[in-house]
Protein chains: 2
Amino acid sequence: MMEFDKMLSAKTAEIEEILDRFLPKQEGLQQPVMETMKYSVKAGGKRIRPLLMQETFLMFSGEGEIICPFMAAMEFLHTYSLVHDDLPAMDNDEYRRGRKTTWKVYGEGMGVLCGDALLNYAYETAAGAFLQAQTKEAYENISHALRVFMHKAGIYGMIGGQVVDVLGDGKDIDSDTLDFVFKLKTGALLEASLMIGAILAGADEDAVRTLEDIGRNIGMAFQIQDDILDVVGNTDELGKQVHSDEKNHKTTYVTLYGLERARGDVKNYTQAAMDELMSLKEKKAPGGTEFFEEVLRMLVYRTK
Amino acid sequence: MMEFDKMLSAKTAEIEEILDRFLPKQEGLQQPVMETMKYSVKAGGKRIRPLLMQETFLMFSGEGEIICPFMAAMEFLHTYSLVHDDLPAMDNDEYRRGRKTTWKVYGEGMGVLCGDALLNYAYETAAGAFLQAQTKEAYENISHALRVFMHKAGIYGMIGGQVVDVLGDGKDIDSDTLDFVFKLKTGALLEASLMIGAILAGADEDAVRTLEDIGRNIGMAFQIQDDILDVVGNTDELGKQVHSDEKNHKTTYVTLYGLERARGDVKNYTQAAMDELMSLKEKKAPGGTEFFEEVLRMLVYRTK
């Protein structure tokens, strides 16, 4: 495990360096928006999505720098969703990871624009990968990765999940609706991260589809764990208020199914993902997956 | 002129049909966001940007359907910027073109998400053009068009202009700052529209650069005319309140330079654009530009 922690630190540090490299220069009359982008992106976070992306890229023997703009873009896009989620018109959160949220520091108008800027800049960054393309195959892979990214981030993915989540606020929702929100709001970007790494490495359609399924299972496990931590977690460790769901009378996996079933399902979804990963490894993936497996376990069985 | 009006009607009707075709189906639990998207996009508007895009595509003898997803995408993107501009945290507008604004109908949270959805879906739609690509050259053109689109919409384009505009609210701003806002907030998407049409038709770099310049000049003329109309226009005809700039103590081209100079500069910028268009036509563009020229004049010398 010490070995894993070391590798995780090294890889996370590398991702921070990539984020710094792709963040826009602080320049021009519009410099204030670049400042809000940096503040929001560098607010911490586990960098799970670029980490997963890099792992599937390596798993399919991807080489070179083509993955870097996509890794940065994924974190920028994830960050925009947090910046907008925190707005007074949405969750009205003043703190995230122990720091003031973007709108709380820079005002509500700049909070809206910062999120817009990060969303747009995410794609601008990812599309920069085309400048590295030499062959038709490279263009095909990059455009495929970009389309998956956009699809999973939009109304058929993350935004679709956010919408259903917002509309369900303060109401009792059923298990189908909760599943939908988990799958789209949380799962879609995890799916996209796993898929994009593989696509850019040239993996075949079948493998990409399996990774999508792994992402869905991990997303479910991750989000159920989130609901569990809101009940049993520790405010200091999490860096955010616990029992917020209860206070907001929010339907969660725990209120619907109870703590025991929730814990069991985290295990079940994780096991399903691991089984799929094993079968993929045996059939298709030339690269190693040991670190990758540990990341998935860490993701799910986290205490913060 | 009757002939022009007829052509304009026909072309605008064609654009409406393209928008309908590319708007997402009303389906799934997230259907409410699709409804807000449709409400916002179909709120009327002159469809100037897709119109300009189609004209430069034709001017360089572009053929086929490849332009359609980009035309729809440009209008979706423009619409997102209006939806977010209208939010209480931004301009706090309750009416646009005589109809309630999106947030006023669907609530503030949905206003944020609708804008996010349109921004994301704009790129998802444009990137759908890759599915039509057969050759490496087609991939190159589409990816180039996409990168121009993202650059001009983002922090180096429209969003950059919005940020400086928002930060200048209620303050006296200087002429450099006002120029910056005009060039980016209004000009950037007009530039992108002209450039993308030409890029997708396979025009060379030099021609694309000239079109960027034409877009900049037309954008300046358009925005100065907007400030003039806020002073001398008619509320009924415009479908929005006049004298709003005065009420908001906003620095405008008219407050900085006076009405006479403003009117002269509309002419000067328009003439510069027309001269560039003529030189482009003689040197490079095999297609006709008569209708295109009329569109530019209409754009600038409008009364609404």
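**Close-up views of a predicted two-chain model**

View 1. The structure is a predicted model, in which local features need pLDDT of at least 70, side-chain atom pairs count only at pLDDT 80 or more, and totals for chains, interfaces and linings use all residues. Residues are numbered from 1 along each chain as its sequence is written, chains are lettered from A and ligands numbered from 1 in the order in which they are written, and side-chain values use heavy atoms, with hydrogens and water left out.

**View 2. The interface of chain B and chain A.** In this interface, 54 residues of chain B are in contact with 54 residues of chain A, contact meaning heavy atoms within 4.5 Å. Of the interface residues of chain B, 100% are also interface residues in chain A, so the copies meet through the same surface. The two chains bury about 4500 Å² between them, with 75% of it on carbon and sulfur atoms. Buried area here is the accessible area (1.4 Å probe) that two parts lose on being put together, summed over both. In chain B, the residues that lose the most area to chain A are B:Leu113, B:Asn120 and B:Ile155, together 14% of what that side buries.

View 3. Twelve residue pairs, both residues at pLDDT 80 or more, are in polar contact across the interface of chain B and chain A. A polar contact is a pair of N or O atoms within 3.5 Å; within protein, one must be able to donate a hydrogen and the other to accept it, and residues adjacent in sequence count only if both atoms are side-chain atoms. The count of salt bridges between chain B and chain A is zero; a salt bridge is a side-chain nitrogen of Lys or Arg within 4 Å of a carboxyl oxygen of Asp or Glu. The elements of chain B that give two or more residues to the side touching chain A include helix H2 (31–41), helix H4 (67–85) and helix H6 (108–127). H6(B) gives the most to that side, with 13 residues. Helices (H or I, at least four residues) and strands (E, at least two) are DSSP runs, numbered from the N terminus.

**View 4. The buried residues of H2(B).** Among the residues of H2(B) that are buried are B:Val33, B:Met34, B:Tyr39 and B:Val41. Buried means under 20% relative accessible area, exposed over 50%, and partly exposed in between (1.4 Å probe, protein chains only). The buried residues of H2(B) pack against helix H8 (158–168) of chain A, and against elements of chain B including helix H1 (2–22), H4 and H6.

**View 5. B:Phe70 in the nonpolar core.** The largest nonpolar core has 198 residues, and those with the most contacts inside it are A:Phe70 and B:Phe70. Such a core is a set of buried Ala, Val, Leu, Ile, Met, Phe, Trp, Tyr and Cys residues joined through side-chain atoms within 4.5 Å. Not counting residues up to four places away in sequence, B:Phe70 touches residues including B:Met53, B:Ile142, B:Phe149 and B:Leu200.

**View 6. B:Leu280 in helix H14 of chain B.** B:Leu280 is placed in helix H14 (residues 259–283) of chain B and counts as buried at 2% relative accessibility. Among the residues that B:Leu280 touches, not counting those up to four places away in sequence, are B:Met59, B:Phe60, B:Leu211 and B:Ile214. B:Leu280 and B:Asp206 are 74 residues apart in sequence and 9.5 Å apart in space, C-alpha to C-alpha.

**View 7. The salt bridge of A:Asp85 and A:Lys185.** The closest N and O atoms of the A:Asp85 and A:Lys185 salt bridge are 3.9 Å apart. A:Asp85 lies in helix H4 (residues 67–85) of chain A and A:Lys185 in helix H9 (residues 175–200) of chain A, so the pair ties together parts that are 100 residues apart in sequence. A:Asp85 is buried, with a relative accessible area of 9%, whereas A:Lys185 is partly exposed at 24% relative accessibility.
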